[in-house]
Amino acid sequence: MSKKEDEITWKDIEIGAIVTEPGSTAEYKTGDWRSQAPTYNTDRCIKCGICQVFCPEGCVEQDAGGYFIANMYWCKGCGICARECPTGVITMVEETE
Amino acid sequence: MGERIGIEVSQAIAEAAMLSNVDVIAAYPITPQTHIVEHLAELVASGELDAEYIPVESEHSAMSACLGAVATGARTFTATAGQGLELMHEVLYVASSMRLPVIMSVANRALSGPLNVWGDQSDLMSVRDTGWIQIVAANGQEAVDNVICAFAIGEDRRVLLPVMVHVDGFYLTHVIEPVIMPDREEVDRFIPPYDYPLPLDTEKPVTMGAFAPPVLYPEAKKAQDVNLRGSMPVILEHWDRFGKAFGRQYGPLEHYRSEGAKTLLLTMGSIGDTASAAVDKMRDEGKDVGLVQLRLWRPFPFAEFRNAVRDADLLVVVDRAISFGGPGGPFCSEVRAALYDEEKRPKVTGFIAGLGGRDITVAGFEDMVARGIEIAETGTDQEYEIYGVRE
Ligand code: SF4
Ligand code: SF4
């Protein structure tokens, strides 16, 4: 659906709420669920990508410098990346908002 | 033109599903629905009915298998009763919310406990809010005709909703009645081909039964409610088409000597036949009593109902289910709610009777009418009365 999820009216709902467009769950802002966020001490990062492989949301992206950083739109703060990182780059901190 | 034959109503229902050219049946036998699915299994085994019969391990699986079948674009039928309907309860919501037109005959039965296999409408009422269209047959002919109509209604692109056709357990399922069985060609002409708009198809994949977070769930639910309410004119349209094709006209209500009557009995299902005999007797005695039977329970026919009872002073509503600790039998509560905003409204008295297969006789209806008139005159501090229970 071309509309954002909070713009969809009841008339836009497909028959039986069937989803006809692949990949539409990317719209779901799972980042809303987060109570902790990963923070990075990139000095120790060896760019191994383990955090990306283990992230259940698939939200870890590689930035221009080759570092692996979570996209906060989807990161749900589960802490798996922090646990799996072999060099202790990632620390989970409480969300304040 | 079909032939009038003597046939057990359960068998007639199975044959109505066959005449409707059903593709898939997934069902689990349970009293008093057993003869329906036994006969369907026989028809498939003998080759008379070219359909897939899926024996399943429970009613929960039966309904789940039906959903899969109907989602591929296959015309699908099942049947259940009482506890079986309860076991498939959660899947019933999935059928209606996913807009999958499974057609199901329900042989209405009392719910445990105490264990009881006989007829009442506790099961019918327990699924009232599952979002299905619910048609209540008063006799064998209505059961056959409405199974056929249910396919036309449910599969209509403007509707796409599952439909239950209710028949009273034993009172209808196990009796031999004269029934006109329509011809296969006539039924073929009446029910358009089933063409689900978004079927399961590997060429064009879709996601069915997806997740809807708070930002979408209420929109999905409103769409579903608007759809069920909006099915009313389409139901009437198919009943009219059926009337023209087969000469038997159905509507949301059935009236019997109700024109201008000051007291109206209100019933649902097979007890209407006995109630009409009671009305005849009371009319002969000069009492101004008529009968209105409700055939369409969901969507509730508010406009037709208000119109039908407009001139009455008293309604005597007979429920065959209890809403424990509630405002009355479910039928009576809805009748009251439907009339609350009317400027001129009849008094409404509610009786619960015929639970667990207890017969309601002609004298029983006369008693309830007499008691209703008494309550209307003297008042009562009770929301409803349970009729015919030994004190
Ligand atoms: S906290 Fe969980 S969701 Fe967020 S990036 Fe790490 S593994 Fe992914
Ligand atoms: S697992 Fe740790 S070291 Fe490896 S890329 Fe992720 S943050 Fe860097």
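Student: How many residues of the shell around ligand 2 are nonpolar, polar and charged?
Tutor: This is a predicted model: local features need pLDDT of at least 70, side-chain atom pairs count only at pLDDT 80 or more, and totals for chains, interfaces and linings use all residues; side-chain values use heavy atoms, without hydrogens or water. Residues are numbered from 1 along each chain as its sequence is written; chains are lettered from A and ligands numbered from 1 in the order in which they are written. Ala, Val, Leu, Ile, Met, Phe, Trp, Tyr, Cys and Pro count as nonpolar, Asp, Glu, Lys and Arg as charged, the others, Gly among them, as polar. The shell around ligand 2 holds ten nonpolar, two polar and one charged.

Student: Which residues come nearest to ligand 2?
Tutor: Ligand 2 takes up the largest cavity (points on a 1 Å grid over the protein atoms alone where a 1.4 Å probe fits but cannot get out; more than half of the ligand's atoms lie within 2 Å of them). Around it are 13 residues (a heavy atom within 4 Å). The nearest are C45(A), C48(A), G49(A), C51(A) and C85(A).

Student: Which cavity does ligand 1 take up?
Tutor: Around ligand 1 are residues including C55(A), C59(A), C75(A) and C78(A). Its shell has nine nonpolar, two polar and one charged residues. By size, the space of ligand 1 is the second largest cavity.

Student: How many salt bridges cross the interface of chain A and chain B?
Tutor: The two chains bury about 1,500 Å² (accessible area, 1.4 Å probe, lost on being put together, summed over both), 76% of it on carbon and sulfur atoms. W10(A), I15(A) and I18(A) supply 39% of chain A's share. For salt bridges (Lys or Arg side-chain nitrogen within 4 Å of an Asp or Glu carboxyl oxygen), the count is zero.

Methods: 1 Å grid on protein atoms, 1.4 Å probe; cavity = no way out; pocket = protein on both sides within 12 Å on 5 of 7 lines; lining within 4 Å.
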